[in-house]
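Hello,

Here is the structure I promised to pass on to you. Have a look at it first, and then read on for what turned up in it.

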Amino acid sequence: MESILSNTEVKMKKSVEALEREFSSLRTGRASAALFDKIKVEAYGQPTPLAQAATISVPEARLVVIQPWDKGLLNEIEKAIQKSELSVNPNNDGKVIRINIPPLTEERRKELVKVAKSSAEQNRVSIRNIRRDANDELKKLQKSGDIGEDDEKKATDKIQKLTDSFIKEIGLVLDAKENEIMEI
């Protein structure tokens, strides 16, 4: 029974961490190396994450500098960034790529907030599914006689408290991201 509770908590934590990772790649008005996490570059005949082909630095609040380890990849990196959904314009000077992050329009901010809310809701559903699976396991244990009815009820209550706390945490993560997006 304790293993069910600990497994449930671990799965719920991973769900929140996945949301935080997803939010880190959502563009706000600020420059961030995490914006480029999902970009793959055609390097040496295979798609390679940009972070494995170049150094990404943020020297200023609205500037990203990408310095490839192999200068031959400059054009491929530039193409990959242009094809991405980031809506940014890379400037290639032959050594590094500079990307100015323009401030977001009000309309774009609202779109990003909708995307963030949708992701948060998907994670809430995921947390509820984890709760349902744990409760099903507890019912099986109770039916097979491995645990009593009282133990099953206590464990179900603990799982509900875990669920409530992780859903609240998702709300806090969403609020923080929403504030960051709407910040001018």
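A helix here is a DSSP run of H or I with at least four residues, and helices are numbered from the N terminus. With that in hand, you can find Ser119 in helix H3, which spans residues 106-143. Please keep in mind that this is a predicted model.

Is Ser119 buried or exposed? Its relative accessibility is 5%, and buried means under 20%, so Ser119 counts as buried. Leaving aside residues up to four places away in sequence, Ser119 touches Leu19, Glu22 and Phe23.

Now for the sheet. Strands of a sheet pair through backbone hydrogen bonds, either parallel or antiparallel. In this model four strands make an open sheet, ordered E3-E4-E6-E5, with antiparallel pairing. Strand E3 (54-60) and strand E5 (90-92) are at the edges with a single partner strand each, so one side of each has no neighbour in the sheet. From one strand to the next, the twist averages 25°. Four bridges link strand E4 (residues 63-68) to strand E6 (residues 97-100) in the antiparallel sense; Val64, for example, has Ile99 in E6 as its bridge partner.

Helix H2 (residues 74-83) packs on this sheet and touches E3, E4, E5 and E6. The direction of H2 makes about 165° with that of E5.

Which residues of H2 are buried? They are Leu74, Ile77, Glu78, Ala80 and Ile81. These residues cover an arc of only 165° around the axis, so they lie on the same side of H2. Their cover includes strand E1 (40-43), as well as E3, E4, E5 and E6.

Enjoy exploring!

Notes. Residues numbered from 1 in each chain as written. Predicted model: local features only at pLDDT ≥ 70, side-chain atom pairs only at ≥ 80, totals over all residues. Heavy atoms only, no water. Pairing = 2+ DSSP bridges. Helix = DSSP H or I, 4+ residues; strand = E, 2+ residues; numbered from the N terminus. Axes fitted to C-alpha atoms, helices over the stretch in contact; angles between N-to-C directions. Contact = heavy atoms within 4.5 Å. Buried < 20%, exposed > 50% of the residue type's maximum accessible area, 1.4 Å probe, protein only. Arc of directions from axis to C-beta.
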